[in-house]
Amino acid sequence: MTRKSATTIRWRAAAVLSAALGMAACATDVPPPTAQLGAASQAVQEAERANALQYAPVALQSARDKLAAADKAMRADERTRARRLAEEARVDAELATVTSQRAVTQQAASAVAKSAVPNTPRSAAAPNVAPVYSGSTLGSTPPSDPSGSSYPSPSAVPPAPAGSLGTINGTSAGNSWGYSYPEVRQ
């Protein structure tokens, strides 16, 4: 081998090695997780506005701790760790927000349920009027039925006005608006 070809081989090897190292450096270069840190910080602030300190203090504190650790990792140039901690902080803050909103909603529903049930006795002016049940079970007591059913008996439902429903063997097989049901006619 000549001296010239040995030098050429060394230069080529050095070029290939530096290209490989350059590509490896670009592949491991993680961009700074500024978007994740911003989203996590915003989620923590939203949890604080949702009163999570009262209703979800553990999740809120976990989010704060992870956000602080993500900031510290970012200053230490540990970008992958900072990104992971920021994402975990955002998820913990969202959990705190949802938990707090759920607790507030349950309190409001409980207050509505208590105010929906009047504590006044039935009026003496309408003793024969049956109570109206809308299907809600908030504080209402269904009528007692010997069969054990919680629905009113069929006899409690008033009959439809005459002529409002179609009759099969009578004069009409339609409704009060004049629409005829051909499949009902015989």
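Visitor: Why is Ser100 called buried?

Guide: In this predicted model, Ser100 has a relative accessibility of 0%, and since buried means under 20%, the residue counts as buried. Ser100 is found in helix 5, and, leaving out residues up to four places away in sequence, it touches Ala50, Asn51, Ala52 and Tyr55.

Visitor: What makes the pair Asp92 and Lys66 a salt bridge?

Guide: The side chains of Asp92 and Lys66 meet at 3.0 Å, N to O, and because the cut-off is within 4 Å, the pair qualifies as a salt bridge. Asp92 lies in helix 5 and Lys66 in helix 4, so the pair ties together parts that are 26 residues apart in sequence.

Visitor: What makes Asp77 exposed?

Guide: The relative accessibility of Asp77 is 53%, and because exposed means over 50%, Asp77 counts as exposed. The side chain of Asp77 meets that of Arg79 in a salt bridge of 3.2 Å, N to O.

Visitor: How do you know that Arg84 forms a salt bridge with Glu88?

Guide: The closest N and O atoms of Arg84 and Glu88 are 3.3 Å apart, and because the criterion is within 4 Å, the pair is a salt bridge. Being four residues apart in helix 5, Arg84 and Glu88 are separated by about one helical turn. Salt bridges that share partners join Lys66, Arg84, Glu88 and Asp92 into one network.

Notes:
Residues numbered from 1 in each chain as written. Predicted model: local features only at pLDDT ≥ 70, side-chain atom pairs only at ≥ 80, totals over all residues. Heavy atoms only, no water. Helix = DSSP H or I, 4+ residues; strand = E, 2+ residues; numbered from the N terminus. Buried < 20%, exposed > 50% of the residue type's maximum accessible area, 1.4 Å probe, protein only. Contact = heavy atoms within 4.5 Å.
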